[in-house]
Amino acid sequence: MFSSDLRELSVRRIRDWSSVKMYRCLIKDFETRPSVMHLLEHPFIKQAHGKDTSLRNQLSVLIREQQDVGSRTRTTRHERINTRKTLIIEICPDDDLVNLEVLDEETIITHLQKRYQDLQIYTYVGDILIALNPFQNLSIYSPQFSKLYHGMKRSTNPPHIFATADAAYQSMVTLSKDQCIIISGESGAGKTESAHLIVQHLTFLGKANNRTLREKILQVNPLVEAFGNACTAINDNSSRFGKYLEMKFTPTGAVMGAKISEYLLEKSRVIKQATGEKNFHIFYYIYAGLYHQDNLKKYRLPNKTAPRYIDCFNGKVMQEIISSKLYKEQFGDIQDCFRIIGFTEEEVNSVYRILAAILNTGNIEFTSTSSQHQSDKSEVPNSEALDDAAALLSIGSEELQEALTSHCVVTRGETIIRTNTVDKATDVRDAMSKALYGRLFSWIVNRINALLQPDTNICAAESGMNVGILDIFGFENFKKNSFEQLCINIANEQIQFYFNQHIFALEQIEYQSEGVDASLVEYEDNRPILDMFLQKPMGLLSLLDEESRFPQATDQTLVDKFQDNLRNKYFWTPKRVELCFGIQHYAGKVLYNVSGFLEKNRDTLPADIVVVLRTSENKLLQQLFSSPLTKTGNLATSRARVTAASRSLPPQLSSGRNKSPKYLLKVDTMEMMRHPEETTNMRRQTVASYFRYSLMDLLSKMVVGTPHFVRCIKPNDDRQALRFNKERVMVQLRYTGILETVNIRRQGYSHRILIEEFVNRYYYLAFRAHQMPEGSKENAIIILQKAKLEHWVLGKTKVFLKYYHVEQLNLMLREVIARVVLIQAYTKGWLGARRYRRERERRNNGAVIIQSAWRGHMARQNLKLIKKEREQAAVQIQSAYRGYRVRKDYKQSRQTGEYTPERRSSTNLISDEKVVSDSSSDASVLKTDKLSDSRERDRLQGRSALSKQGPTVKLHHRSPRRRGQQPKLLNSPEDSLYYNHLNRSLDYQGSKRKPRKLGQIKLLDGEDEYYQLLSTIESVPEEEALSGPSPNSTAPPTISSR
């Protein structure tokens, strides 16, 4: 029992509590556990009596202390007490900003700050989730938390990213509609990590039978982000591309595959990075991994100084690569990702070779030389880096040098070879590096999609459903913003416009069209800004493309064109600042530097480089530059095979270049070497045009599904944990429209469902399953009243519901369906058991029939075998006995000298008949022809003996008989029956049959063998009977067969 040494009761004396054997009170055996009276009499319970208030206060203080320090493990003397974070311990109405009594900016910001200090980083705004970046690892994403948020009502647990993922999943399964989760926010707000957590929870919810598939899907994001993410000035893991991941599920909710779409990779980062920034992660991972594996020489990488592409400024990258354990571990993780997803070793080796070739290409340097005819010719003074790059690309170094330092120009039917200046050769080198990396990244994405595509045997592609996850680069505003930041911010403008349209515009338009009385909410519409960027022909991107087509255009002429055509309040040019313009974005003012805009937008890749790379012996490299590019600038999934003709090196790229101009013209046009879809129009595609098509493609995928929004907020710019900057957060809340969102979620109706669709979806809640009510307003009202919902409105054609109504309806519908499924399960189980019993009985009966037939067959076979053995035994016995009798008679005759054939014949016949009579019925199966021949032979021998020597035995002759007359010996009923049957047969045959004598029938069937046994030893022929009896005979001889 309890220890009695507790002198003072205190909540803080946990160590004293450890000696209390409270577990004895929990013993299931009621005979051994203490009774209630014993417990009440214990000193521990007595001391607690009347101290409820003090104990409650002490517990409150202890809980607050643990809330401040977070989740920690406290140990007692024998056991451990595990505490959770307040995220799960308490549920308060402040989890949703809509429930706040006072609604203004100050209240919202104070409320968010309080929650953030308590490590409650998630907050609801209706059905929208606000996520504050904690800048630290939290232990709230384990599988136990995934189970906690599985299929639960939103208000049951505190806000969580898992709840948003679960809501999307449950809506997909319940409504059989595609879903889309849109994650937005600034760079460094935590969008990428949120996307990871959503994928983790969706994989947990859609548990596939194939565990390998789940592991593959979880490895997609780390692999793609290693190639597409980089360290920037404000984010150590910034996404430098747009990613839309589609997880594919069966109609029952099991995950069956995934597909990833990538948009606008920042390829310029490969060749140059801003101050304080780095190249893509994969370059550092592979360099560190190969260094520690001593494989740098294999890939021709230097081991003392890092390549120029990854060490542009400080020259300390090599030391960081050697000393950093993170890079080494990440390289191992990337290798595991390749292996788990399904890449072959040959493919991975080709990827490493191309990456190493890019790094070596960056080390190629050019110098200017002059000759008699050319003064600005470039050449490669040190060919070491050139040879290394060519060897890794499996092409000739001379051909690569020619493609870098010269180019072919076709004018008026003639081909002219012009040399490149140092700057031009450097641009060509960098363009080749960007093209290599961009196409390699697209190939990796396509390869992942091929390895993760759904199995058509499991579910048809048409019947499957998707949950899309958008993780796009966040809004950026650096000290120096270039073309890449312009594209990124335009994409964020588009996402914000989609949010406004779905949350505000479409909802308020339906209020007016349906005649619903709802107050309108004013919001900041950014459509004019998007029009300024995207409209044709006077939008900013169109003007940029137009200026890029002029060879003589400069950055200054581009700024002038912008000033002349973009005259609105969202565009301005700063004074006393050259080559700059400003844009008033939805998130604030951003100043852009135009330097390099035209070259980055053109993104030209010389045809000479393409031809040389197509001659590579590396199959992957051939594929990269033989497949066409899509309208979004990515590598096409379907590719044409590279023929031997297209792989052969054109003559103008050889060292001599002395072929005829006619042949050079054919090769330079590259029409014979292009994919059918890669027409000359593809040359005119710019980065701005790729960007426009990418936005169109992204929006087309987003509008298909029902959206779920996650707004990520960055609490401070220093990336410090538990630091909340009110001014910084306030700016983000303003431009994301959080206050307006709270208002419209409180006053408006976020779900608008057609009345007919509403009735068809939820009629289970108020009607029987077989009734199928009509889609009328009356039935909709019955359903809403049966569900006990409030604050709903019926429009002309739609039902207007609050954001929490649909969740409640879905939960009730799920309960009803669960009961139906349970009844179906029991019914199907009973039917299955009955079918099983019937099938088992049928199989048992069949088994009995088969066994019976088999046993009968075996019995018949055994009987035949026994009969055969008995026949053979009878024959052997008869043979032995006859031999014995003959030998015995012969001995007697020699002794007496009285042996005669007649005596032997009679004796043999009598003996044979006795043997046959004494044997069983098996003796009747003997061959009748042998027996008849034996009797006939004995009869003739006996007759001849009588004629010569005279009779030794007195024979009695019977009186003559006529045909059909019964013999005197046939006295039994069986004999009479046979005789009558024989008589009828003879009468039937009539004159057609020649009469035969009764004693001369040779062949008898098996049924008449008994007649043979009953016949006399010697039958008298009819001819002798007609001549009269012998004078010495008075009566016919009667010899019994027995």
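Let's start at one end of a sheet: strand β8 (residues 242-249) pairs with β9 in the antiparallel sense over eight bridges. Here two strands count as paired if DSSP finds at least two bridges between them. Helices (H or I, at least four residues) and strands (E, at least two) are DSSP runs, numbered from the N terminus. Within this pairing, Tyr-244 has Ser-261 of β9 as its bridge partner.

A word on the source: this is a predicted model, in which local features need pLDDT of at least 70 and side-chain atom pairs count only at pLDDT 80 or more, while totals for chains, interfaces and linings use all residues. Residues are numbered from 1 along each chain as its sequence is written, and side-chain values use heavy atoms, with hydrogens and water left out.

**The sheet**

The sheet is open and has seven strands in the order β3-β4-β18-β5-β14-β8-β9, with mixed pairing. Because β3 (122-125) and β9 (255-263) stand at the edges with a single partner strand each, one side of each is left without a neighbour in the sheet. On average, neighbouring strands of this sheet are turned by 20° against each other, direction ignored. Helix α10 (residues 211-228) packs on the sheet and touches β8 and β9, its direction making about 10° with that of β9. Contact means heavy atoms within 4.5 Å. Axes are lines fitted to C-alpha atoms, for helices over the stretch in contact, and angles run from 0 to 180 degrees between N-to-C directions.

**The nonpolar cores**

In soluble globular proteins, nonpolar side chains tend to be buried together. A nonpolar core is here a set of buried Ala, Val, Leu, Ile, Met, Phe, Trp, Tyr and Cys residues joined through side-chain atoms within 4.5 Å. Buried means under 20% relative accessible area, exposed over 50%, and partly exposed in between (1.4 Å probe, protein chains only).

The largest nonpolar core holds 190 residues, of which Leu-202, Phe-227, Phe-283 and Tyr-437 touch the most other members. Helix α17 (residues 422-451) gives the largest share of this core, twelve residues. Leaving out residues up to four places away in sequence, Tyr-437 touches Phe-227, Leu-265, Val-270, Phe-280, Ile-282, Phe-283, Leu-355 and Ile-358. Another core, of 19 residues, lies apart from it; Phe-758, Tyr-762, Val-806 and Leu-813 are among its members.

**Salt bridges**

A search of the whole structure finds 37 salt bridges, each a side-chain nitrogen of Lys or Arg within 4 Å of a carboxyl oxygen of Asp or Glu. Three of them are listed here.

| Glu-106 | Lys-726 | 3.9 Å apart |

Glu-546 is partly exposed, with a relative accessible area of 35%, whereas Lys-561 counts as buried at 16%.

In the pair of Glu-757 and Lys-177, Glu-757 is partly exposed at 28% relative accessible area, and Lys-177 is partly exposed at 36%. In the pair of Glu-106 and Lys-726, Glu-106 is partly exposed at 46% relative accessibility, and Lys-726 is partly exposed at 31%.

Finally, a network of salt bridges links Asp-127, Glu-507, Glu-510, Arg-745, Arg-752 and Lys-798.
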